[in-house]
Each structure stands twice: as C-alpha cells, then as structure tokens.
Amino acid sequence: MPTNRPFEAAFRSVAAEVAALPEEARHQVTLLVVDDCPPQVSRANRQAAEAAAAAGGVRVHVLGVDGWRRLAHDVLATAALPPAEHTLVRHALCKPTGSYGAGPNKAALVAAYVGAHTLHRRDSDQITQVDPASGASPLRIEAELLDRGAAAGGKGAYCVGSSLTGRPTRDRRDLLHRSEEYVHRIDALSRLSPAETRVARPAVPARPEETTAHGGVTARRDHTGTVEMGIAAVRRVHEWIPEMPAVGVLGSDYFQKGLLYQLELPVWHHGMTAGHHYEPWRAEQSSAEHLSWYARAELRYAVLRKHWNAFNEALMTQRDLLLPDGQHFDTRAYAEFLLDTVERGAERAAAIPSAFVAVYREAAATASGDVRCRLDVRVAALEAEAGTVEQYVADAIREFAALTRRWPALVAAAGRLGTDGDLGQYA
C-alpha cells in the first residue's frame, strides 16, 4: 500500500482482506506500507497500521523514506553497478513525493527481498470489502487467479484486478461542466493518426473468457484496460520492468500492465470493486497549488501517452524478440525499443502542449463563478508548463529506459540481499 496521506480507513480495509484469508494463506502474506508522508503524518500512519494489524493478527512492515533509502543503498551495493549507472539508478529509485511509479518500484524490490511470487497493490484512497458470507475479497480472488495462472504458464493470468466506484479517478469536473467535447478533444491529442497505426490488433471477443473464483465471484479476461492498478495484483511482469519513476506524470504506473496487453498475456478483471474516496481538498477543488499540480501532471501524461501509443505499436511487431520462449523477457531490448520509438518520433508530440492549453482556455472563456476561477488557475499553470513539457517527458522516458536496463539486476540483488536479511531492519 503506497501512501502520501493519512490512510487509516484504507489500511483497515486491506488488513481485513488479509485477516479473512485462510490461516495458511494469511501466513504467506507480507503486508507492506510504503509511506512517503511528512514525519507527523507518517508517525500517525505507523500507529494506525500497527494497531489495525495487531487487532487482526496481520504481519505488517512500514517502509518510510529513511528505511527505503537504506534498503536502496544496500540493494545497489549488492548489485555492484558501474559508478555512473549507480548514480543514475539511485536517483531514479529515490524520488520525492509525487512519483506514481515510486511506490510500486519499492514494493517490487521488497517482493524480491522476501521471495514473494505475486505483488498486490491497494492505493490509500480506496476502501475494499470482504464478503461476510464467503470470505471472498479482492486479495483472495487475485491470489487464486494468479496461482492458477502460474500453474498454467504463459496462458494463465499475469494480472488480476478490479475497478473503482465513486468519483472518477481523473478529476475533470470543470471541463465536463462546460462540455464533454473538451474532454474528448484532450483525449484525442494522444491518439495515433491512421497513418501512424500499422498493426492490426486482435479483435475483442464478443464473449470474453470467463471464470468463477472463490465465493462465486466472476472474473473476465480484460482486453480494454478496465483494471485499475490501485486495486490489482501482478506476477512476473514486475520482475521484467519497473514502473516509470517520473514525478508528476499521470499514468506512469501503468507500464507493466500495458506491456501485458501488447504481449497478449492475460489480464483479468473481477467484480469486487473498491470505493474511491477523495481527500477534502481534492473533492472540493479548493487548493490552487493542487489544481496547478494536477493540470501539469495531465499535460505531461498527454505528451507521454502519444509516445507510449507509438511504442505499443512497435511492441506489437516485436513480441517474439521480447519474449522468445514465452518465459524469458528481454528487458534490454524493451528499453532500446522505447528509446528508438521516442527518438524517431521526436516531433509527434510537438503540437500537444499548445492544443492542450487551448482547450482549457476555451473552457475557461465560457465559464463563470468558481468554475471560471478554477479553470483560470489551471490555464496559468499549463501556460507556464507548455514550453518545457516535451523535454520533461523525454528526460523521464530516458530515465525510465536506463532504470529498465538494470531492473533484472536490481531484482536479483534484492533477492540475494534478502536471503540473509530481515526486512524489519528497514521498517
């Protein structure tokens, strides 16, 4: 569970998921809180986590900023990278608050440290439920389907997750207040033109594959990206590549799941959703600082997504090179394909920043009252960002590629370190 906020309710719900597992399965779970909060909030989170874990008989480790830095230092020392790469990788691993991929990357290396075969995630603004009659929970469904997937090899599930209820995860209320057209125009900026789309993608089956898990919960093969990573679990793919560690870029923690779709490795969606609960400042849209931050993060994502879509086209033609035997993934080739795609298409995203800002300007010009004020704040932030966003995203992609090249070595180093170590020394 990655968190940069007070999270007691969310932690209690995930602790209840663990406590409801059969005893043998419960003992196989390492519950990790990746805490990236200011000291006062971090202390309160630790107290809440330890109290809830004790009440439910759940083992928990809280990995704070200092503990992570010490663990990253030891993993890097064990990996014995060349000095220049050591510095670059350390910078990529030790990001300040605001990196969506940082928490999952920390968790992936901790999973290697403790020898975990699957990695499950719960975001700290989401509340899950346990079915009181059957004991079914998202965690239990994930574990069951991933275990089946491991037994089935390359044909079994590599990712299992669900979706969210409540407010949308992307807060575009002010654009929607004016017209849905503005949102459609924003999304269209990142799509590839017909001339750029060369690969015929498999048709989505009229009736997707379906299975039944514990408690009669139905799960279906996800071909369209329905699964939210904040309530999902993966196997193996988190050992192949990291998530993008860039600060302030939406969607940068979806690279692992995205890779599975391109390789046609199964992602499954089940019906035990999580409730999404905004913090007051987010729900009320009352902070100019946060309005500005989110607007910049979405603009960066629009640029990133254009490159990412082109990269996915390239991946569709390179499946046999990346995963030649269905088992051994070529991480270095993945990184090189990514860099090559971005360098070849350096101009493809050039028009996005100005067009993105123009959409928000038009929406603001038609608004009034509080909506107009909030849109004006966003416009000012976007105008300040527009001139540097292409370089920001390009640098983020290069950093991600460099971390990716060394990711298997870091995972292996974390595993070696864990054979003689105790995670508690970092928690």
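Author: Two strands are said to pair if DSSP finds at least two bridges between them. With that in hand, and keeping in mind that this is a predicted model, we can turn to strand β2, which covers residues 31-35.

Strand β2 is joined to strand β3 (residues 60-63) by four bridges, and the two run parallel. Within this pairing, V33 stands opposite V62 of β3. Between the two strands the chain passes through helix α3 (residues 39-56), and the β-α-β crossover made in this way is right-handed. Strand β2 also pairs with strand β1 (residues 2-3), again in parallel, through two bridges, and here P2 is the residue that stands opposite V34.

How much of β2 is covered? Five of its five residues are buried, and a residue counts as buried when its relative accessible area is under 20%. In a regular strand the side chains alternate between the two faces of the sheet. In β2, L31, V33 and D35 lie on one side while L32 and V34 lie on the other, and both faces are covered, with each of these residues buried.

Helix α1 spans residues 8-19, and its 12 residues reach 16 Å from the first C-alpha to the last, close to the 16 Å expected at 1.5 Å a residue. An α-helix has 3.6 residues a turn, so residues three or four places apart point the same way. Among the residues of α1, A10, F11, S13, V14, A15, E17 and V18 are buried.

Another residue to look at is E142, which is placed in helix α7 (residues 138-152). Because its relative accessibility is 0%, E142 counts as buried. Leaving aside residues up to four places away in sequence, E142 touches H120, R122, V160, I231, A232, A233 and H270.

Strand β5 is joined to strand β12 (residues 274-276) by two bridges in the antiparallel sense, and the bridge partner of Q126 in β12 is H276.

Finally, we come to the aromatic rings. A pair of aromatic rings is described by the distance of the centres and the angle of the planes. The count in this model comes to 11 aromatic pairs. Since F311 lies in helix α13 (residues 288-316) and Y334 in helix α15 (residues 331-344), the pair ties together parts that are 23 residues apart in sequence. Both F311 and Y334 are buried. The rings of F329 and Y334 have centres 6.0 Å apart and planes at 55°, so this pair is tilted, and F329 is buried as well. Ring pairs link these residues into a cluster made up of Y158, W240, F255, W308, F311, F329, Y334 and F400. Over the ring of Y158 sits the charged end of R235, at 4.1 Å from the ring centre, and R300 lies over the face of Y392, at 4.1 Å from the centre of that ring.

Definitions and conventions. Residues numbered from 1 in each chain as written. Predicted model: local features only at pLDDT ≥ 70, side-chain atom pairs only at ≥ 80, totals over all residues. Heavy atoms only, no water. Buried < 20%, exposed > 50% of the residue type's maximum accessible area, 1.4 Å probe, protein only. Right-handed = clockwise from strand over helix to strand, strands pointing away. Contact = heavy atoms within 4.5 Å. Phe/Tyr/Trp six-rings, centres within 6.5 Å; stacked < 30°, edge-to-face > 60°. Lys NZ or Arg CZ within 6 Å of the ring centre and 35° of its normal. Expected span 1.5 Å × (residues − 1).
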